[in-house]
Amino acid sequence: MKKLMVGMALTATLATAVTPGFGSIGGNQEKAYAAATVTYKVTASKLNVRSGAGTTYGIIGSVVKGQTLSVMSKSGSWYKINYNGRTGYVSSDYVQASGTATPPAESTTYTVTASTLNVRSGAGTNYASIGSVKKGQKLSVVSKSGSWYKINYNGRTGYVSSDYVQASGTTTPPAESTTYIVTASTLNVRSGAGTNYASIGSVTKGQKLSVVSKSGSWYKINYNGRTGYVSSDYVQASATTSPKLVVDSFKTLGNAQQVILVTADNYDTKSAKIQTFEKVDGKWKQVLTANGVLGQKGFALSKKEGDMESPTGKYTIGTAFGRYANPGTKLPYRKITANDVWVDDSKSSLYNTWQQKPANGRWTSAENMDIPAYDYGFVINYNESRTPGKGSAIFFHVGTNYTAGCTATSKEQVVSILKWLNPEKNPVIIQSPVSELDKY
């Protein structure tokens with residue numbers, strides 16, 4: 001049972017004093033760039049043009065093979081184009097440059113636009129704040145991770161929300177990590193980008209390095225859990241492939257082509273990271289990253305009725321629901337009425353099922369469904385055997401503070417996920433502490 005705790009302050013989950021804490025999909029992450037366009041040609045027989053940078057956005061038209069597009073900028077794997085006087089987006093997988101130029105991309109130098117912006121230890125509001133930056137301050141952006149920029153902050157690695165910084169140049173930050181091979185017999189790793197910095201160790205010929213970014217003629221690397229620097233004269237790039245996604249290593253997905261991944265730092269935290277992934281042409285692609293909340297007491301080792309904990313595990317997706325009309329989901333959808341309840345009476349033969357009042361002796365307790373937390377959501381198919389006392393009414397729904405056993409995020413994100421989910425792609429939801437993802 002998960003009655004959302006209503007009325008608690010939302011500010012505890014905000015990214016900054018002035019910013020909303022929840023991630024956004026696709027085009028919301030993109031900044032506007034005033035730069036020259038680049039001409040591309042469509043390679044697919046027919047290619048959808050969408051209103052934002054992602055398949056969750058509505059289709060506003062289409063283009064056909066051989067058609068010339070004027071590309072303004074790139075946002076992830078999507079190109080922003082001029083389409084019949086409107087702004088549209090097409091997948092970069094199905095267009096090809098007609099010259100050798102590339103579309104403009106984001107700048108390594110950014111300016112803070114918020115009055116105060118938190119710098120966090122990781123790419124999400126669930127990570128601790130390690131300081132802050134002020135409006136107008138210049139930031140050196142190392143790379144982008146979802147809707148967060150990785151920056152150098154007082155000699156440490158920090159992350160800021162991309163929604164509250166603005167590009168001031170036109171160069172591209174490097175990818176989150178690139179693999180390089182050492183070409184020198186022995187190469188010093190230094191604490192800073194220069195020979196005047198102390199050596200913190202060394203690497204040898206043929207050793208592979210994970211390069212985070214470049215500073216002048218020095219590469220920033222991960223070295224035994226520390227940040228180190230090596231001269232770029234003595235290493236050589238070995239690949240330019242994208243970093244591996246967490247779902248690429250999962251072995252239990254079967255025929256699932258859509259995955260909602262809900263993770264937390266440990267069992268006891270109520271803060272969660274929500275990511276969605278979809279398999280396209282045999283390859284997993286990340287669609288969304290958002291912040292969410294779990295039960296008040298975090299994840300459950302063994303879920304029990306009323307324990308205020310969210311169950312871990314992998315589950316299929318059940319019926320979508322809401323107090324309003326279907327927002328556009330392909331899932332079976334049920335509109336909630338004032339009489340709808342979910343039975344949480346372990347002694348009832350209707351335990352863990354959706355019913356309607358009056359009870360007429362069929363149960364002694366049930367959860368009212370007609371509440372704001374259930375404006376939109378879907379059923380997580382937990383305890384389908386309806387084992388008494390094992391837990392009931394486990395949903396993915398609207399919420400920003402904590403739940404009594406469900407998983408929740410902002411209404412905007414819930415609706416986006418509902419629109420994205422496709423039962424033909426056998427979607428599943430996985431809930432787990434980060435340390436136990438190897439189970440899947």
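Tutor: A residue is called buried when its relative accessible area is under 20%, exposed when over 50%, and partly exposed in between (1.4 Å probe, protein chains only). The model before you is predicted, so local features need pLDDT of at least 70, side-chain atom pairs count only at pLDDT 80 or more, and totals for chains, interfaces and linings use all residues.

Student: What makes β32 largely enclosed by the rest of the structure?

Tutor: Strands (E, at least two residues) and helices (H or I, at least four) are DSSP runs, numbered from the N terminus. Five of the five residues of β32 are buried, and therefore this strand is described as largely enclosed by the rest of the structure.

Student: How do you know which strands β32 pairs with, and in what sense?

Tutor: Two strands pair if DSSP finds at least two bridges between them. Four bridges join β27 to β32, and these strands run antiparallel, while three bridges join β32 to β33, again antiparallel. A320 has F378 of β32 as its bridge partner, and F378 in turn has F396 of β33 as its partner.

Student: Which residues touch the most other members of the largest nonpolar core?

Tutor: A nonpolar core is a set of buried Ala, Val, Leu, Ile, Met, Phe, Trp, Tyr and Cys residues joined through side-chain atoms within 4.5 Å. The largest one has 28 residues, and those touching the most other members are I260, V262, F378, F396, I417, L421 and I429. Elements that give two or more residues to this core include β22, β32 and β33, but α1 gives the most, with five residues.

Student: Why is α1 called largely enclosed?

Tutor: Seven of the ten residues of α1 are buried, so the helix is largely enclosed by the rest of the structure. The buried residues are Q413, V414, V415, S416, I417, L418 and W420.

Student: What makes the approach of T269 to S271 a polar contact?

Tutor: A polar contact is a pair of N or O atoms within 3.5 Å; within protein, one must be able to donate a hydrogen and the other to accept it, and residues adjacent in sequence count only if both atoms are side-chain atoms. A polar side-chain atom of T269 lies 3.1 Å from the backbone nitrogen of S271, and T269 sits in the loop between β22 (258–264) and β23 (271–280).

Student: How do you know what confidence the predictor has in this chain?

Tutor: The confidence in each residue is its pLDDT, on a scale from 0 to 100. The chain averages a pLDDT of 82, and 84% of the residues score at least 70. Over residues 1–37, however, the pLDDT is below 50, although this stretch has 110 contacts in the model beyond near neighbours in sequence. Residues 169–176 also have a pLDDT below 50, with 32 contacts beyond near neighbours in sequence.

Note on methods
Residues are numbered from 1 along each chain as its sequence is written. Side-chain values use heavy atoms; hydrogens and water are left out. Contact means heavy atoms within 4.5 Å.
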